[in-house]
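Subject: Structure for your files, with notes on helix packing and voids

Hello,

Please find the structure below.

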Amino acid sequence: MTSSAAVLDQQALPELEASTHAVAQEARRGLTAPRKFLAPWLFYDEAGSELFEQITALPEYYLTRTERALFTTHANDIFAELGLTATGPASGLAASAPSEVPPTLTIAELGAGTASKTGILLRALTRLQPSVLYQPIDISPSALDQACAQIERTIPGVIVRPHIANYVTDGFSIARPASARVLALYIGSSIGNFSPAEARAILTRLRAQLQPGDALLLGTDLAPSLPGTTPQKSVSILLAAYNDSAQVTAAFNRNVLVRLHRELGANFDPARFAHRALWNPMHSRIEMHLESLAAQTVAIPANSAGPALSVSFAPGETIHTENSYKFTPAALAALLAAARFTPTRTFTDSANLFAVTLALAV
């Protein structure tokens, strides 16, 4: 039998060539804009994916450990809401009739990365049905390769069918075994990296592949609390998460320049750019920038996206590399409704730092 990792290797070469073309197009689009920017998906080459895994373990970066704790505590509750329990059909939403066998649930995940947190849900689901088809979708071949190997080795009963794709720019499909429902995961607050309009578009495209009764599990970082709220989430907690004392996030941010050097031949000197993270209260988001420390000009050779570029920077000029939107309950409800999802239950931690919301496709 061919392993998932072997299939991934066979698919990788043409997909990587397409990925490099997409990098060239995105660099041209962002670096020629009046206010320079680079899309956050450019972070996730092999080195960037490894750096992000390091970030998730940092003491300042509460997002991953908080979401992981929510999964550990509430995995059975999540599946019970979908009608799956250890004793048979539950009385939760979308449950089967008592005389019926509940349909199999398949899990698909956007931006899966190495799927380290997803394993908690997969293990819980294998206790409720004999096997699980897991479909991770990610732009990083190395991260998917790691996810395939880790899950197939450590969680018996899980079949991994990976798909290398940029789910923002590329088409992707979700397989549906006969009589199965789909639980789509979009966790890690990845939705926060996109503008409200982009976030709606992503969820709307996802919803188009789902049927009524399928579900979405969405992880979102919560906005700072209003004065007088108890417990109160402060802006300082947010800023520390994106500007850690070990400067791993700074290395992650600069790595996008290293990628442009490697894949496009751009002569960026990452040491001449400083990592900056700031809170934008008007848009309810953390912004990450790379600030030019001096006047400089960067050359990008001609490539599949067009002729050679010469990109000039003034001292203090920035490349806007990432937004991380933080959600109020009202903003989250509006986003889901716009994409035709109905929230059924939201799980939050005791400090109101993070939320995991289960929503049904309607």
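**Helix packing**

In H2, the residues Ala47, Gly48, Leu51, Phe52, Gln54 and Ile55 meet Val248, Thr249, Ala251, Phe252 and Asn255 of H8 (contact means heavy atoms within 4.5 Å; helices, H or I with at least four residues, and strands, E with at least two, are DSSP runs numbered from the N terminus). By class, this contact of H2 with H8 has seven nonpolar, four polar and no charged residues (Ala, Val, Leu, Ile, Met, Phe, Trp, Tyr, Cys and Pro count as nonpolar, Asp, Glu, Lys and Arg as charged, and the others, Gly among them, as polar).

This is a predicted model, in which local features need pLDDT of at least 70 and side-chain atom pairs count only at pLDDT 80 or more, while totals for chains, interfaces and linings use all residues. Residues are numbered from 1 along each chain as its sequence is written, and side-chain values use heavy atoms, with hydrogens and water left out.

H2 and H8 pack at an angle of about 160 degrees, and their axes are 9 Å apart (axes are lines fitted to C-alpha atoms, for helices over the stretch in contact, and angles run from 0 to 180 degrees between N-to-C directions). H2 and H8 are therefore roughly antiparallel to each other (angles under 35 degrees count as roughly parallel, over 145 as roughly antiparallel, 65 to 115 as roughly perpendicular and the rest as oblique). Their crossing is left-handed (the near helix is turned anticlockwise from the far one by less than a right angle; clockwise is right-handed).

For H3 and H4 (residues 118-126), the angle is about 30 degrees, with the axes 9 Å apart. H3 and H4 are therefore roughly parallel to each other, and H3 passes H4 in a right-handed crossing. H3 contributes Arg68, Phe71, Thr72, Ala75, Asn76, Ile78 and Phe79 to the contact, and H4 contributes Ile120, Leu121, Ala124 and Leu125. By class, that is eight nonpolar, two polar and one charged residues.

H6 (residues 196-208) and H9 (residues 329-338) pack at about 45 degrees, with their axes 8 Å apart. The two helices, H6 and H9, are therefore oblique to each other. On the H6 side, Ala199, Arg200, Leu203 and Thr204 meet Leu335, Leu336 and Ala338 of H9.

**Cavity and pocket**

A search of the whole structure finds one cavity of 30 Å³ or more (on a 1 Å grid over the protein atoms alone, a cavity is a set of points where a 1.4 Å probe fits but cannot get out, and a pocket is an open set with protein on both sides within 12 Å along at least five of seven lines; lining residues have an atom within 4 Å of a point). The largest cavity holds about 740 Å³ of space (grid points are joined across faces, edges and corners, and a volume is the space filled by probe spheres set on the points). Its lining has 43 residues, with Tyr44, Phe52, Gly111, Ser190 and Asn193 nearest the centre. H2 supplies the largest share of this lining, five residues.

The largest pocket holds about 460 Å³. Of its 22 lining residues, Arg29, Phe37, Ala39, Pro40 and Glu198 are the closest to its centre. Strand E13 gives the most to the pocket lining, with five residues.

Regards
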